[in-house]
Amino acid sequence: MAFPQRFSDLPEYAFPRLRALLDHHQPGGTPLAMTIGEPKHPFPAWVGEVLAQNLGGFGVYPPNDGTPELLAAISGWIGRRYGVEIPAARLMNLNGTREGLFNTLVALCPETRNGKRPAVLIPNPFYQVYAVATLAIGAEPIYVNAGAATGFLPDYRSLPADVLDRVAVAYICSPANPQGAVASAEYLADLLDLAEKHDFTVFCDECYSEIWRSAPPPGLLQVAAAKGTDPERVVVFNSLSKRSNVPGVRSGFVAAGPKSMAEIRRLRSYSGAPVPLPLQKVSERLWADEAHVVENQRLYHDKFRDAAQVFAGHQGVTLPEGGFFLWMPVDDGEQAALDLWQKTGVRVLPGAYLARDAGGENPGKGYIRVALVAPAEETKRGLTMIRDCLYG
């Protein structure tokens, strides 16, 4: 049997690689997982009530694009958060943003750019669906290292003009996964200028937008509106998973220009999996409520404070501006993860597993990613063991 070759050079996914690295060794203490970005804070108690009130919705096919009420709730949240009016016609509910980050590229990326194979810009390290989507449509992934020298954000402007002229889409994540860097309004405005000059679209993954340390991150929709950017040049993704601690609800949204949204919705009508109606009702209520988000932020701020105390005086260990990961420098990420597991039982992810070799290096090799999602006491205990084992 023949299989497609376009995915042949994909490395094993991060978590199977981690199991292969660690699981044939005994942990040095009670296992403590600080690997996966799965929120553990409580979601609002009324989620169950809303779900129970709408159980009958499991008996019907759900609206493919989202109910009018849900799209209105998303539009209302965007208006409150960013001061921008995005009508329901430019929104679509997603079955988790990973679906949208993949399928939207399929819907919008042309087969050629200026007569050549299209290119897709990807920050390196990155959320792995960006690369899989690119390979699936036969485009060329161009990994642009996002290390300390560039503030952990990709410097797309440094690419040669002949490369930029082939670019169809540039992915950006802010706050960044895994580094926690926040793209400033100036950075986003400059990226939009570059996209205008070379005629490509910016896909902005803002799933961590509501977890921040010092100030709410700016959003691409508000920057684009302030600049008067063509709405077709901007596609934004967000989710309830991190904002509301409901990763299992699998609910997010994509916002785009009207022509782009028509293409996105058209493909979704053939191939998408809409969110079940009861979960759309839950999502509607979650987007409309801010009290639980404020409480969630408070819990993360407490953990940021604890992390600052644990690593006080340890040069090189810095707190993220956004998101809930520590991107921690080490000599070698795989060896550090193995040492931690064998000596303490703490489980972290080697940074190299979230990146690709580019420009002769893997920019994640000298890092580990540590998720601050567990309860505060458990998180502080894990951070203390990491400090004593790796930085002591």
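This is a predicted model: local features need pLDDT of at least 70, side-chain atom pairs count only at pLDDT 80 or more; totals for chains, interfaces and linings use all residues.
Arginine 157 is partly exposed, with a relative accessible area of 39%. Aspartate 190 belongs to helix α7 (residues 185-198), whereas arginine 157 sits in the loop between β4 (140-145) and α6 (161-164), so the pair ties together parts that are 33 residues apart in sequence. Aspartate 190 is also partly exposed, at 32% relative accessibility.

The model holds 19 salt bridges by the rule used here. One of them links arginine 347 with aspartate 23, whose closest N and O atoms are 2.7 Å apart. Since arginine 347 lies in strand β10 (residues 346-347) and aspartate 23 in the loop between α1 (14-22) and β1 (32-33), this pair ties together parts that are 324 residues apart in sequence. Arginine 347 is buried, with a relative accessible area of 14%, while aspartate 23 is partly exposed at 44%. A further salt bridge, 3.8 Å from N to O, brings together the side chains of glutamate 290 and arginine 80; glutamate 290 is in the loop between α11 (277-288) and α12 (291-310) and arginine 80 in helix α3, so the parts they tie together are 210 residues apart in sequence. Glutamate 290 is partly exposed, at 29%, and arginine 80 is partly exposed, at 48%.

Turning to the strands, 3 of them form an open, antiparallel sheet in the order β9-β12-β11. Its edges are β9 (325-329) and β11 (349-350), each of which pairs on one side only. Between β9 and β12 (residues 367-371) the antiparallel pairing runs over 5 bridges, and leucine 326 has valine 370 of β12 as its bridge partner. Helix α14 (residues 376-391) packs on this sheet, where it touches β9 and β12, and its direction makes about 10° with that of β9.

In the largest, which has 53 residues, Ile78 and Phe200 touch the most other members, and helix α3 (residues 68-82) contributes the largest share, 7 residues. Leaving aside residues up to four places away in sequence, isoleucine 78 touches Gly83, Val84, Ile86, Leu91, Leu221 and Phe253. A second, separate core of 41 residues includes Met328, Trp341, Tyr367 and Val373.

Terms used: Residues are numbered from 1 along each chain as its sequence is written. Side-chain values use heavy atoms; hydrogens and water are left out. Two strands pair if DSSP finds at least two bridges between them. Helices (H or I, at least four residues) and strands (E, at least two) are DSSP runs, numbered from the N terminus. Contact means heavy atoms within 4.5 Å. Axes are lines fitted to C-alpha atoms, for helices over the stretch in contact, and angles run from 0 to 180 degrees between N-to-C directions. A nonpolar core is a set of buried Ala, Val, Leu, Ile, Met, Phe, Trp, Tyr and Cys residues joined through side-chain atoms within 4.5 Å. Buried means under 20% relative accessible area, exposed over 50%, partly exposed in between (1.4 Å probe, protein chains only). A salt bridge is a side-chain nitrogen of Lys or Arg within 4 Å of a carboxyl oxygen of Asp or Glu.
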